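I opened the model and kept short notes on what I looked up.

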Amino acid sequence: QVQLVESGGGVVQAGGSLRLSCVVSGHGTKGYTFKWYRQAPGKQREYVTSITSNYNTHYSDSVKGRFTISRDDAKDTIYLQMNFLNPEDTGVYFCNLPDNTWGPGTQVTVSS
């Protein structure tokens, strides 16, 4: 049973930074592609970024150049470094596996 737990969310002013973590238990991170999604209140869940087991990355246009996804398979952890945050980045951020495994999410709030 794979479990994902996100952490690192919080409240930050516009222009600030946060670093999210997704700790994987059950099977570790090796061999998996991971994705980050986010969901703002009243809006659909939105794809943010992904990273493959071979360290290939992809970013949505809305976060490209500001966010960086990385992984440390030795620590069974996926990271999301978020820089130059703006209020539109506010939402619950989820870690995801292609088998539809989700973490409980971590709240990110960016104030103006």
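How much accessible surface does the protein chain have, and what share of that surface belongs to carbon and sulfur atoms? I found about 5800 Å², with 48% on carbon and sulfur atoms. Accessible areas here come from the Shrake-Rupley method with a 1.4 Å probe, and for residues only the protein chains shown count as cover.

Ground rules. I am working from a predicted model, where local features need pLDDT of at least 70, side-chain atom pairs count only at pLDDT 80 or more, and totals for chains, interfaces and linings use all residues. Residues are numbered from 1 along each chain as its sequence is written, and side-chain values use heavy atoms, with hydrogens and water left out.

Overall fold. I listed zero helices and eleven strands in the protein chain; helices (H or I, at least four residues) and strands (E, at least two) are DSSP runs, numbered from the N terminus. The C-alpha trace spans about 40 × 25 × 20 Å along its principal axes. I noted that 42% of the 112 residues count as buried, where buried means under 20% relative accessible area, exposed over 50%, and partly exposed in between (1.4 Å probe, protein chains only). Among contacts (heavy atoms within 4.5 Å) between residues at least 6 apart in sequence, 52% join residues at least 24 apart.

Glycine 8. I located glycine 8 in the loop between strand S1 (3-7) and strand S2 (10-13). Its relative accessible area is 34%, so glycine 8 is partly exposed. Not counting residues up to four places away in sequence, glycine 8 touches Leu18, Arg19, Leu20 and Thr106. Threonine 106 is 98 residues from glycine 8 in sequence, yet the C-alpha to C-alpha distance is 7.0 Å.

Aromatic rings. I counted four aromatic pairs; rings of Phe, Tyr and Trp (its six-membered ring) pair if their centres lie within 6.5 Å, and planes under 30 degrees apart count as stacked, over 60 as edge-to-face and the rest as tilted. One of them is tyrosine 37 with tyrosine 47, edge-to-face at 5.7 Å centre to centre and 75 degrees between the planes. This pair links strand S4 (residues 34-39), which holds tyrosine 37, to strand S5 (residues 46-51), which holds tyrosine 47. Tyrosine 37 is buried at 18% relative accessible area, whereas tyrosine 47 is partly exposed at 22%.

I also looked up phenylalanine 94 and tryptophan 102, an edge-to-face pair at 6.2 Å centre to centre and 85 degrees between the planes. Phenylalanine 94 has 11% relative accessibility and therefore counts as buried; tryptophan 102, at 26%, counts as partly exposed.
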